[in-house]
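This report describes selected local features of one protein model.

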Amino acid sequence: PNPPRAHHTEVAPDTPELILIYAAPEARGRGLGSALVRSVEHRLRHLNVTQYQVRTVADPSNRALAFYQALGFTPAGTAFKQGRFFQVFTRTLDAA
């Protein structure tokens with residue numbers, strides 16, 4: 001069967017993407033993920049990047065969905081890649 005055609009995002013194709021952040025289960029809930037995102041954003045601001053994106057598996061049990069929303073990311077559509085649906089989020093950065 002053909003994969004679903006459920007690729008719809010409002011993100012420009014050249015928008016930088018944060019590919020992956022991960023904390024070991026025993027380290028979760030301690031602010032490590034938020035600190036990693038802040039560090040990435042600090043670097044992006046110095047590169048004059050004003051917006052970037054993240055993708056995470058679109059599954060209600062995926063804790064990353066709430067994590068990104070709590071950090072102020074905006075849902076920007078869905079993507080279907082490698083046989084899975086992903087929620088795409090963007091975040092607009094203030095100037096450095």
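Helices and strands here are DSSP runs, numbered from the N terminus, with at least four residues (H or I) for a helix and at least two (E) for a strand. The model is a predicted one.

**Surface patch**

By that assignment, Leu20 sits in the loop that runs between strand S2 (17–18) and helix H1 (32–46). Its relative accessibility is 68%, so Leu20 counts as exposed, the cut-off for that class being over 50%. Leu20 is also part of a nonpolar patch on the surface, together with Ile19 and Tyr22. The accessible area of Ile19, Leu20 and Tyr22 together is about 410 Å².

**Aromatic rings**

A pair of aromatic rings is described by the distance of the centres and the angle of the planes. There are five aromatic pairs in the structure. Two of them are listed below.

| Pair | Centre to centre | Angle between planes | Class |
|---|---|---|---|
| Phe67 and Tyr68 | 5.2 Å | 70° | edge-to-face |
| Tyr68 and Phe89 | 6.0 Å | 40° | tilted |

The angle of 70° lies over 60 degrees, so the pair of Phe67 and Tyr68 is edge-to-face. The 40° between the planes of Tyr68 and Phe89 makes that pair tilted. Tyr68 belongs to helix H2 and Phe89 to strand S5 (residues 84–92), so this pair ties together parts that are 21 residues apart in sequence.

Tyr68, at 6%, counts as buried. Phe89 is buried as well, with a relative accessible area of 1%. Ring pairs join Phe67, Tyr68 and Phe89 with Tyr52 and Phe73 in one cluster.

**Asn62**

Asn62 is located in the loop between strand S3 (51–57) and helix H2 (63–70). Is Asn62 buried or exposed? The relative accessibility of Asn62 is 19%, so this residue counts as buried, given that the class requires a value under 20%. The side chain of Asn62 reaches the backbone oxygen of Val57 at 2.8 Å. Leaving aside residues up to four places away in sequence, Asn62 touches Thr56 and Val57.

Key:
Residues are numbered from 1 along each chain as its sequence is written. This is a predicted model: local features need pLDDT of at least 70, side-chain atom pairs count only at pLDDT 80 or more; totals for chains, interfaces and linings use all residues. Side-chain values use heavy atoms; hydrogens and water are left out. Buried means under 20% relative accessible area, exposed over 50%, partly exposed in between (1.4 Å probe, protein chains only). A polar contact is a pair of N or O atoms within 3.5 Å; within protein, one must be able to donate a hydrogen and the other to accept it, and residues adjacent in sequence count only if both atoms are side-chain atoms. Contact means heavy atoms within 4.5 Å. Patches are made of residues with over 30% relative accessible area and no salt bridge: like charges are joined within 9 Å, nonpolar side chains (Val, Leu, Ile, Met, Phe, Trp, Tyr) within 5 Å. Accessible areas come from the Shrake-Rupley method with a 1.4 Å probe; for residues, only the protein chains shown count as cover. A salt bridge is a side-chain nitrogen of Lys or Arg within 4 Å of a carboxyl oxygen of Asp or Glu. Rings of Phe, Tyr and Trp (its six-membered ring) pair if their centres lie within 6.5 Å; planes under 30 degrees apart count as stacked, over 60 as edge-to-face and the rest as tilted.
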